[in-house]
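Please look at the sequence and the model first, and then read the notes by topic.

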Amino acid sequence: EFPVGERAEGSVLDAAGERCFIVVRESNLIAVIDVPGLRMIEPLPTPPGPVRICRGPAELLLVPLYHDASLALVHPVEGVRDVVPLPDKPIPVGYHEPSRTALCSTFGDRICLVDIDGRRLARTIPTRKDPDPLAVVTL
């Protein structure tokens, strides 16, 4: 057991399976665990309210920020590179590699498509209640 902080809510492994990144909502950070060594590494600070996490392109971590309705693009060593504002509070996130687009489900019953290269909200897709961006990514 690792004391990562208050309200750990989402995690993802790096491509090599050597680092586990855990978003910790109320501590405003990403806890980093060295998996082979089973030890904590220096955490990555985030803006308020990180809720989920997924891998994006070129080592980027995609982190929805609930409190300020945005998506943080986080480098696993350098920290937050950019924050893209969203129209509603996001929770789950998925990534579609062929289009280099992040998909964030929001409480506004829509999915936000974020152009990762352009660092901008490309468009939204209205949905029924509680859309699942991972289902959209796999379609």
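**Overview**

The secondary structure of this protein comes to one helix and 12 strands, where helices (H or I, at least four residues) and strands (E, at least two) are DSSP runs numbered from the N terminus. This is a predicted model, in which local features need pLDDT of at least 70 and side-chain atom pairs count only at pLDDT 80 or more, while totals for chains, interfaces and linings use all residues. Residues are numbered from 1 along each chain as its sequence is written, and side-chain values use heavy atoms, with hydrogens and water left out.

**Overall form**

- Along the sequence, the elements follow the pattern β-β-β-β-β-β-β-β-β-β-β-β-α.
- The radius of gyration, taken over C-alpha atoms, is compared with a globule rule of 2.2 Å times the number of residues to the power 0.38. The protein has a value of 14 Å, close to the 14 Å that the rule gives for 139 residues, so it is as compact as a globular protein of that length.
- Taken along the principal axes, the box filled by the C-alpha atoms is roughly 45 × 30 × 25 Å.
- Of the 139 residues, 45% count as buried, a term that means under 20% relative accessible area, with exposed meaning over 50% and partly exposed lying in between (1.4 Å probe, protein chains only).

**The sheet S1-S2-S3-S4**

- Four strands form an open sheet in the order S1-S2-S3-S4, with antiparallel pairing; two strands pair if DSSP finds at least two bridges between them.
- Strand S1 (8-13) and strand S4 (39-45) stand at the edges with a single partner strand each, so one side of each is left without a neighbour in the sheet.
- Strand S3 (residues 29-34) is joined to S4 by five bridges, and the two run antiparallel; within this sheet, Val 32 stands opposite Ile 41 in S4.

**The sheet S5-S6-S7-S8**

- Another open sheet of four strands has the order S5-S6-S7-S8, again with antiparallel pairing.
- Here strand S5 (54-55) and S8 stand at the edges, each with a single partner strand, so one side of each is left without a neighbour in the sheet.
- Two bridges join S5 to strand S6 (residues 61-65), antiparallel to each other, and Cys 54 has Leu 62 in S6 as its bridge partner.
- Strand S7 (residues 70-75) and strand S8 (residues 79-85) run antiparallel and are joined by six bridges; they form a hairpin with three residues between them, and Ala 72 has Val 83 in S8 as its bridge partner.

**Nonpolar cores**

- A nonpolar core is a set of buried Ala, Val, Leu, Ile, Met, Phe, Trp, Tyr and Cys residues joined through side-chain atoms within 4.5 Å. The largest has 14 residues, and those with the most contacts inside it are Leu 62, Leu 71, Val 114 and Ile 116.
- The elements that give two or more residues to this core are S7, strand S9 (90-96), strand S10 (101-106) and strand S11 (110-115).
- Apart from this core lies another, of 12 residues, among them Val 12, Val 32, Ile 53 and Leu 61.

**Arg 110**

- Arg 110 is found in strand S11 and is partly exposed, with a relative accessible area of 25%.
- Arg 110 and Pro 90 are 20 residues apart in sequence and 9.5 Å apart in space, C-alpha to C-alpha.
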